Amino acid sequence: MFDQLSDRLQDALSGVRSRGKLTEADVDRAMREIRLALLEADVNFKVVKQFTSQVKERSLGAGVLDSLNPGQQVVKIVNEELAALMGGASRDLALAGSGPTVILMAGLQGSGKTTACAKLAKHFAKDGKRAALVACDTQRPAAVEQLVTVGKQAGAKVYEQGTERDPVEIAEWALGEARAAGEDVLIVDTAGRLHVDEELMDELAAIRKRTKPHDVLLVLDAMTGQDAVNVAEAFAERVEFDGVLLTKLDGDARGGAALSVKAVTGKPILYASVGEKLDELERFHPERMAGRILGMGDVLSLIEKAEEVSDTQQAEDLERKIRQQQFTLEDFLQQLRQVRRMGPLSNVLGLMPGMGKAMKQMRQVNMDERELDRIEAIILSMTPTERARPDLIDGSRRKRIARGSGTTVQAVNQLVKQFAQMRKVMAQLAKGKLPDPQQLMRGM
Amino acid sequence: MASSWRRLRESLSKSRRALQAELGSSLFERLDDQTWERLEEALILADVGARTTADVVRRLEGEVDAGSIEGADAVRERLVELLAEVAGPDNAEIDLSSRPAVIMVVGVNGTGKTTTIGKLAWRLRNELGLSVIVAAADTYRAAAIEQLEAWAERADAEIIRGSAGGDPGAVLFDAIAAAQSRGADVVVADTAGRLHTHANLMAELAKMRRVAAKRLEGAPHECLIVIDATTGQNGLRQAQVFAEAVDLTGVVLTKLDGTAKGGIALAIASELGLPVKLIGIGEGLEDLRPFDAREFAAALLGD
């Protein structure tokens, strides 16, 4: 519904350019679209109200009405305001000078605390820090076993005393042990609890008091709806959390709850969990989340992911090639393989701007990963010269490639044609133009 | 800008309380644009979603304008009726007519599948006197099998388990076979939580369904998606994608004991025609209840 916020704003403001003046009614129409978009993204109703009134004020200001494309201009303002509200540059947790840095994890049931504990341990291990875990969830059946298992997978020591002892005492005991063992970080897993459960909230406050954590993290499910503000307020009041770890961002929830929580508590989102594997935890990037909430894609994340799997030099070469339309099928093959290493294609495509609509269409045609296997096979059946210059591929070469890859001449034809279109679109993208989704789709 | 957000922060909790109080009593005493706006606000705050909210409010407004309902109480009553209509039939039943009846429980991570199965098994065993086998087919999450084992013991149900990391389809197959040979009444299958965006995991779920049907024609007889009441608009997408993969028969709405209203279930019922069959209201064995549409509708409005 709101994948095409940009398009819808364009529609809402379409008459403006011909009249050459942006009226308050135009802006109101645009604000309605933004309001709907943010609500669809689960941003809290009150936050949305406040936000749109701010954006409206700025949109009525100078600059917008003279611009060639008021729709995009408004999107830009929305994006900037969102990013500003979301917080400044992302930061890592600071570690204590001596002794273990204690991190207390808190949150509702099912938000993903236990998994997040292991991911965080792994995150610190990457920086050469030793992080240990302590199992203070004595409520949920087998929660201790789960932490022991994921802790082992993350290579972190897990302190546990079963489920009979009081979690406050377990936490205190573990802190002593971790100190003696010279751990750099101690991450305290706690039972999921409802923010209205007085008894369990008291227990959490007691753990906090006893272990004096350097940081308390609220673990928040990215799919949370309007209630996120109630939850965040209650946890802020009782345990004064310092930041948020946002989970399940590998889904397709817009994650507007993150914005609500930041707006009502002022606490930053620090980490984002983006997959089931233990190394899929990232530092949070406010400006990217703004784009995600608005459905405007997340080019920065995509670039960063690509950088993770390739080196910088390669990335620069590639960017130059894309800009100059010298991108070859060989490059495409490399990219395809790298992209597939980043995870399921749908996730990666979802990060690209303008792909919201394309993604929907793609789901309908049910693009599957086997199709990608076929594409790989076709390219692998080409000679290096053909990969560099697909225009050389004539009828007899096509036949050979089709035979070699176990596909048909039509399939080879199609790939060569689509590649040529894609090269054009990518060049546009690299020059900073938002691609026409339709065109992009044809290019796929 | 910073100061305006601080003000918002301060006013939020107060206004929420005020809003609910207002809806509870006097909202419909005056019927004007503001009334409808406030009603919209309440439904959106309950996660009903913009589209379903607009539908419901438009219908109510239309009926009021047409003069078919009058008076605050009548309007309110009609609103609850409308919401209950959208939410679907009362006591949408779990189909237990087959022997064994096979119930598959699916959903994204952390919604409360394993807990729901424990409570469901308990209910089937203790209130209906049925013999129950639970299938520990979440072979992915660490200690999920142990968690289900603990619940099975409490519920006095037998558990069929495979090995961690094993094939979930095989576990389900074995559980149905065990039920057939022992004459058990119901098989309830746990599955690993998965985000609906992971196509390979959704395919795995579809395969489980096929495996069940291979062992017993018509199985699974129920395929329930567990939706966490705190879930926002993404819940609709979850239900859609899971329905495509495994042909859902209903929704279990969990964690209604918090402050979340679970309005997304209304959007799911309205847009996908999937009824809520059970609700979870706590962590005790008895905290799984049949769904009551009117009660749910009234609670959405803050009663």
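1. Which residues does Val187(B) touch, not counting residues up to four places away in sequence? They are Pro100(B), Val102(B), Ile103(B), Ile133(B), Ala135(B), Ala175(B), Ile176(B) and Ala179(B). Residues are in contact if their C-beta atoms, placed from the backbone, lie within 7 Å.

2. The model is predicted: local features need pLDDT of at least 70, side-chain atom pairs count only at pLDDT 80 or more, and totals for chains, interfaces and linings use all residues. Residues are numbered from 1 along each chain as its sequence is written, while chains are lettered from A and ligands numbered from 1 in the order in which they are written.

3. Val187(B) is among the residues with the most contacts inside the largest nonpolar core, together with Ala121(B) and Val134(B). That core has 196 residues. A nonpolar core is a set of buried Ala, Val, Leu, Ile, Met, Phe, Trp, Tyr and Cys residues joined through C-beta atoms within 7 Å; buried means that 20 or more other C-beta atoms, placed from the backbone, lie within 10 Å of a residue's own. A second, separate core of 13 residues includes Ile322(A) and Met426(A).

4. In chain A, 8 strands make an open sheet of mixed pairing, ordered E3-E2-E4-E1-E5-E6-E7-E8. Strands are DSSP runs (E, at least two residues), numbered from the N terminus, and two of them pair if DSSP finds at least two bridges between them. At the edges are E3 (158–159) and E8 (281–283) of chain A, each pairing on one side only.

5. In chain B, strands E2 (residues 132–137) and E3 (residues 158–161) run parallel, joined by 4 bridges. Ile133(B) stands opposite Glu158(B) in E3(B).

Methods. Buried ≥ 20, exposed ≤ 12 C-beta atoms within 10 Å, placed from the backbone. Contact = placed C-beta atoms within 7 Å.
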